[in-house]
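Reader: Hi! Could we go through this model together?
Author: Happy to, here it comes.

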Amino acid sequence: IHTHQLMASVISIEGKNINVNRDEYRKILGDIIPCADYGMPSTKKLRRKISEALNNNPDSKAVIMKHHGTICIGYDLKDTFDVAAVLEKIAEEKYKAAVKENESHRIADYGNSYRQDDKFTITSNGQTVEYSLDVPADMPKAAKLHAEIYKKNNISYIVHAADEAIVEFSSTDRVLKPLLDDLAQVAGINIKPTKSSNISQIAKKLKKKNAVFLENEGALCTGATRGDAEAVVMVLRKGCLADSYAKALKLTNQLSFIDAYIQRIIYITKYSKMKDK
């Protein structure tokens with residue numbers, strides 16, 4: 001099974017093999033979990049690097065794919081899912097050993113919404129209201145923000161992502177760079193923070209990306225469907241966790257801009273349309 005599971009993907013950015021220290025884990029995974037060097041998805045280089053990792057560690061039941069995810073191997077589905085689950089435990093332990101837990105933040109609710117023709121419905125602070133895209137003067141701030149995004153972008157769903165990892169990153173005033181390739185594909189490259197008061201700038205940034213950080217207040221994620229927007233939230237959270245791990249270990253290795261850009265274009269023009277066939 002090829003997975004993009006959360007913590008194993010996050011620690012993949014380190015690019016190192018993992019020595020399995022616990023006997024109960026060794027029985028399931030083997031003594032070593034190798035990390036295959038990076039190759040862009042669907043390329044011969046990627047297949048070669050995974051083959052090398054498996055050939056050099058024939059007893060291993062999992063391979064970590066740098067900047068990407070994992071390959072888990074078993075006799076049947078249950079056995080293979082057990083491999084993925086134990087690998088995730090090990091990865092989470094490595095993450096928690098490296099990254100200090102931060103205090104949670106209370107932030108404003110910028111709401112979730114969906115668009116239908118020239119109207120949109122937003123749920124914020126426990127209330128659901130329908131508005132026209134023509135912004136009235138008394139429209140609440142969150143609704144004005146959603147209206148502006150819909151008017152300038154061809155999307156139908158907006159989600160305010162308020163996960164702790166995302167909120168924590170939004171308070172750093174830094175750019176989220178592509179440490180994981182699915183972040184670059186699904187959300188965009190070099191995602192930047194913007195003040196929530198700068199509505200036009202937020203809408204402009206979402207023309208080329210599907211996520212933008214609101215300074216100190218999480219992020220807005222967009223999509224053609226609700227599932228698409230929620231997928232952006234998932235990869236954005238994973239990217240923020242990867243950034244925390246990289247910062248804790250002082251890792252500077254990231255995807256090249258060219259690799260990330262190519263994958264973003266392929267995702268937009270090809271991969272994202274495959275579910276419609």
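Reader: Where does isoleucine 266 lie?
Author: Isoleucine 266 is in helix α10, residues 257–269. Helices are DSSP runs of H or I with at least four residues, strands are E runs of at least two, and both are numbered from the N terminus. Before we go on: this is a predicted model, where local features need pLDDT of at least 70, side-chain atom pairs count only at pLDDT 80 or more, and totals for chains, interfaces and linings use all residues. Residues are numbered from 1 along each chain as its sequence is written, and side-chain values use heavy atoms, leaving out hydrogens and water.

Reader: Is isoleucine 266 buried or partly exposed, and why?
Author: Isoleucine 266 counts as partly exposed because its relative accessibility is 34%. Buried means under 20% relative accessible area, exposed over 50%, and partly exposed in between (1.4 Å probe, protein chains only).

Reader: Which residues form the nonpolar patch on the surface?
Author: Phe257, Ile258, Tyr261, Ile262, Ile265 and Ile266 form it, with about 540 Å² of accessible area together. Patch members have over 30% relative accessible area and no salt bridge; like charges are joined within 9 Å, nonpolar side chains (Val, Leu, Ile, Met, Phe, Trp, Tyr) within 5 Å. A salt bridge here is a side-chain nitrogen of Lys or Arg within 4 Å of a carboxyl oxygen of Asp or Glu. Areas come from the Shrake-Rupley method with a 1.4 Å probe, and for residues only the protein chains shown count as cover.

Reader: And aspartate 259, what is it in contact with?
Author: Aspartate 259 is also placed in helix α10. Leaving aside neighbours within four places in sequence, aspartate 259 contacts Tyr38 and Met40, where contact means heavy atoms within 4.5 Å. Aspartate 259 is partly exposed, because its relative accessible area is 21%.

Reader: Switching topic, which residues have the most contacts inside the largest nonpolar core?
Author: Those are Ile33, Phe213 and Leu236, in a core of 49 residues. Helix α9 (residues 226–249) gives the most to this core, with ten residues. Such a core is a set of buried Ala, Val, Leu, Ile, Met, Phe, Trp, Tyr and Cys residues joined through side-chain atoms within 4.5 Å.

Reader: Nice. How many helices and strands does the chain have?
Author: The chain comes to ten helices and 13 strands. Buried residues make up 47% of its 277 residues.
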